[in-house]
Amino acid sequence: MTDTVIPATQATTGTPGIVPGRWRKLALVVAPLWADNNESSVLSTLAPVIVAAVAAPAGAVGYLTSIGKFISIVFGPLWAWVARRTNRKTAFAVASGLAGIATAATGLAQNYIQLIVLYGVSAAFIAAALPIASEITADLFDDAARGRANGYTWGAISLLGSVLGPLIGQLSRVPDGWRYGFFAWGAVTVLTAVLLAVFFTDPAVGASEIAAPPTEAEDSRITWTKVRQMLRIPTFVLMLIQRLISGHLLIMSFGIVFLVHTYGFTTAVASIVTLPFGIGYLLGTFGGSLATDFLQSRLPRIGRVIVLQFAQFGFGVVAVVGTQHDWGGIEVFAGFWAVLGFMQGLNPGVNRPIVAAVVPPEMRGAAFALLLSVFEALAYAVFNLAAGLLTDVIGLRGVMLWIPGILMLINAAFCTILYRTYPRDAERQRALVIAQARPAAAG
């Protein structure tokens, strides 16, 4: 059975836009999203020892990460389509369970080729998490609360992952410790899939809308016609491009490798920066989402755009300052990583609500699949592939200067265009939803 679009009055406790038990349901969605999202942390944290264990080339981390993201470009939209055609809860739980099995199997790799194959298989299932979870979150929370919901989600994910980061790093001291990392993370992922399958109840498409769209089945289908309509929304197209030039994603995959090879830290010591990064990310998502919602209430036309632009500019400046000089002890680098985490943490609480505000509810699944599983994944893949190739040409320090640094300053300048398009597109979508709801109310 396909997911249906339901009137808001059927999904609330009497307060329009409020879905019953929405925070509890969000926690159940976040659990497998956290497990799927942080599977790559085992690879990035233990990269130096994994490369040595399977006799991989120096750029293996970039190659593996890019392969995984290229795979998600195909499978992210595919899983979004499967979820809409069947059942979102079932599709998400099954994909997460299979991702956990594949992640555990990755720990059995005996050589570089096997590592590529097994990591690629896990990526095919992990690709389901972002588009499905993002769509469900938009259906659980109305426009006024989406910033906080997304901020809390990604803050919790980052904090949990960052607390585990230094612990994962200690596995570098254990013979074949990286294998145990994949085994353990696979088991955790399977457990979160079981929790989702047993305890989660889907709120249904459009449940959080104060004025919900009509309920005809045609409105809940993802068609190429609707995708083309979605691509006619200027703000959405600009957000796709903005994600395509988001070089900050490289910090997560190459940060520890950079510190080890450029400034001589051991893997166990370099992995310490994941904790302050996660704390900074948490402050960015929690505090940033509250600030974003407050600013949006005061400046509804441009509040979110201001925060989005500030996040890109701040990250670019700190990346340039923090990576281009040997600051000595890991403590100083940890401080820079904390600020980088804060700036990056501002993004989920603002970019998801921007997209949700300009795209019709029945198209959000496809919108998030394009934004996160295609364009963000494509950027992540290209930047990691480029980093792997450019390391031998300009060095990791040069890579960090141009991709997380200068490119992010360009990104900030690009966001200026949104000041013109976002207010118009958000108001148009709001008016459209209200207009669609009037015939049903009159009937």
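D139 counts as buried in this predicted model, its relative accessibility being 0%, and the side chain of D139 meets that of R88 in a salt bridge with an N-to-O distance of 2.7 Å. Because R88 lies in helix α5 and D139 in helix α7, the pair ties together parts of the chain that are 51 residues apart in sequence. R88, too, is buried, with a relative accessibility of 0%.

**The charged network around R88**

- R88 forms a salt bridge with D202, in which the closest N and O atoms are 2.6 Å apart; this pair links distant parts of the chain, since R88 belongs to helix α5 while D202 sits in the loop between α9 and α10 (224–230), 114 residues apart.
- Through salt bridges that share partners, R88, E135, D139 and D202 are joined into one network.
- E135 also forms a salt bridge with R88, with 3.6 Å between the closest N and O atoms, and here the partners are E135 in helix α7 (residues 129–140) and R88 in helix α5, 47 residues apart.
- Both E135 and R88 are buried.
- In general, side chains of opposite charge can pair when their charged atoms come close.
- The count of salt bridges comes to six.

**Helix α5**

- Helix α5 covers residues 88–106, a run of 19 residues, and the distance from its first C-alpha to its last is 27 Å, close to the 27 Å expected at 1.5 Å a residue.
- At the start of α5, a side-chain oxygen of N87 comes to within 3.0 Å of the backbone nitrogen of K89.
- The buried residues of α5 include R88 as well as A91, F92, A93, A95, S96, G97, A99, G100, A102, T103 and T106.
- An α-helix has 3.6 residues a turn, so residues three or four places apart point the same way.

**The nonpolar surface patch**

- V94, L98, I101, V190, L191, V194, L195, V198 and F199 make up a nonpolar surface patch of about 760 Å², and the elements that give two or more residues to this patch are α5 and α9.
- Helix α9 gives the most to the nonpolar patch, contributing six residues.
- L195, one of the patch residues, is placed in helix α9 and counts as partly exposed, with a relative accessibility of 34%; this value is over the 30% cut-off for residues of a patch.

**A positive phi in a loop**

- D176 has a phi near 60°, which is a positive value in a residue other than glycine, whereas most residues other than glycine have a negative phi.
- The place of D176 is in the loop between α8 (146–170) and α9 (177–199), and D176 is partly exposed there, with a relative accessible area of 43%.

**The protein as a whole**

- The protein contains 19 helices and zero strands.
- Of the 443 residues in the protein, 58% are buried, while the protein exposes about 16,700 Å², of which carbon and sulfur atoms supply 71%.

Technical notes: Residues are numbered from 1 along each chain as its sequence is written. This is a predicted model: local features need pLDDT of at least 70, side-chain atom pairs count only at pLDDT 80 or more; totals for chains, interfaces and linings use all residues. Side-chain values use heavy atoms; hydrogens and water are left out. Helices (H or I, at least four residues) and strands (E, at least two) are DSSP runs, numbered from the N terminus. Buried means under 20% relative accessible area, exposed over 50%, partly exposed in between (1.4 Å probe, protein chains only). Accessible areas come from the Shrake-Rupley method with a 1.4 Å probe; for residues, only the protein chains shown count as cover. The expected span of a helix is 1.5 Å times one less than its number of residues. A polar contact is a pair of N or O atoms within 3.5 Å; within protein, one must be able to donate a hydrogen and the other to accept it, and residues adjacent in sequence count only if both atoms are side-chain atoms. Patches are made of residues with over 30% relative accessible area and no salt bridge: like charges are joined within 9 Å, nonpolar side chains (Val, Leu, Ile, Met, Phe, Trp, Tyr) within 5 Å. A salt bridge is a side-chain nitrogen of Lys or Arg within 4 Å of a carboxyl oxygen of Asp or Glu.
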